[in-house]
Amino acid sequence: MAENLQQVKKRIRTAKSIAQIAKAMEMIAASKIRKAQTAVEKSRPYSERVRFVVQKILAENDDISLNSSFVGLNDNVKRKLVYVISTDKGLCGGLLANIFKKVLTSVSKDDYVVTIGKKAQAFCIKNGFNVKASFNLGTVLPKYEDIFPMLKIVEDYYKTKEISSVEVIYTYFKNRMVQEPMLKVLAPIQRDKNFVNKGEHIFEPSSKEVLDSLIPYYFEVIFYDMLMNAYASEQAARMSAMSNANENANEITASLTIAFNKSRQAKITNEILDLANGQIH
Amino acid sequence: MGNTYKLDILSPEGNVFSGEVSFATFPTMAGDITVLSGHTAIITKLSVGEVVIDINGEKKFITIAGGFLEFSDNVASVIADFAIRSEEIDDKKIEEAKKHAREQMAKKDKLSSAVMEHDLQKAILELKFFENIKSKNKRYKA
């Protein structure tokens, strides 16, 4: 009996410390979301301008005159290059499972895959996808410079004409409660149907040259946006997962405490009975 | 007043400069151009160099590593590039990432699952224990 009591006591302690850790992780995640949100807000004017200039050039020219490999489809090749943005760490609820479901339904074994985050790497390799490169993120907010090497791969494969399009699978951060796995096309560049072209611009040296040198910037701002979305989603998912964990741990603590008190009471009763009966065990 | 225009120098990390200027000089591929208020709409590529901003005779200098200038309706925005894009560093990182992927692919079959299984069993045992306690408590309540 006594041994059992000790064990229950130990379990109560464990449950309590789990609750504490979960609470702390929840709070850390909350502050990380804020960081990601301010980073997005800070970069917004820049990214809006880049998008505007690209759409402006697209609106004033057709595909043929631009003669860019990033505009219009490359029909000869079927293979895609897919970026999978996941996390480095687990403990974020159904987020990873949702991303992986998307990967299974939309990526074929022939496609090239670039994984970002350890979890995507492990998953894609296990399922036999053609992983060409994998980047790790760590747990801190990704820096803008971090994405240059990630995107350089696009240019390399485009130059050798091995791929026809570039897609990105990431988690869209709708709000703190809702995050959705998404697949978006990075290249070829999509024309924005809502774009209103007003006024003529002079292009120097020419619109084609401006576009060609602007394209890397364009990919960067879009990719950065996705990376930030993925980061914020990860933290939000972790936040709710940890808040659930905290609740569950508290529940377990409560039920264990009741069990502990009951068996302690039973033990005392037995001892009193023994005394009253004058028996010695 | 009246002959000033709004200039924003934008970067991914936030706005570097934002305000009304009398005129400003930008380094383009074909040499410096000075943009005064009422300039015609223009989009041009910028090269490495200094943007010289003049606010009522007061001069300000901002060095950029390249970028783009867009001017229309008396609003100028510079998509500024401050990051030094070093091909070498990037290439090194890509090589690392590719190597990493290859290594992991090769390792795939060798992964031992014994440790994981042990942990899993332990977790299941713990769970069962908690379930027991929970159902016992329910019985007490009933």
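In this predicted model, Y46(A) counts as buried because its relative accessibility is 1%, where buried means under 20% relative accessible area with a 1.4 Å probe and protein chains only. Y144(A), at 4% relative accessibility, likewise counts as buried, and F148(A) is buried as well.

The rings of these residues form two aromatic pairs, for which ring centres of Phe, Tyr or Trp (its six-membered ring) must lie within 6.5 Å, with planes under 30 degrees apart called stacked, over 60 edge-to-face and the rest tilted.

| Pair | Centre to centre | Angle between planes | Class |
|---|---|---|---|
| Y46(A) and Y144(A) | 6.4 Å | 85 degrees | edge-to-face |
| Y144(A) and F148(A) | 6.1 Å | 85 degrees | edge-to-face |

Y46(A) belongs to helix 1 (residues 2–60) and Y144(A) to the loop between strand 3 (130–135) and helix 5 (147–159), so their pair ties together parts that are 98 residues apart in sequence. Ring pairs link Y46(A), Y144(A), F148(A) and Y224(A) into a cluster.

Chain A contains 6 helices and 6 strands, taken as DSSP runs (H or I of at least four residues, E of at least two) numbered from the N terminus. Its C-alpha atoms fill a box of roughly 105 × 40 × 30 Å along the principal axes, and buried residues make up 46% of its 281 residues.

Residues are numbered from 1 along each chain as its sequence is written, while chains are lettered from A and ligands numbered from 1 in the order in which they are written. Local features need pLDDT of at least 70 and side-chain atom pairs 80 or more, whereas totals for chains, interfaces and linings use all residues, and side-chain values use heavy atoms, without hydrogens and water.

How values were computed
Buried means under 20% relative accessible area, exposed over 50%, partly exposed in between (1.4 Å probe, protein chains only).
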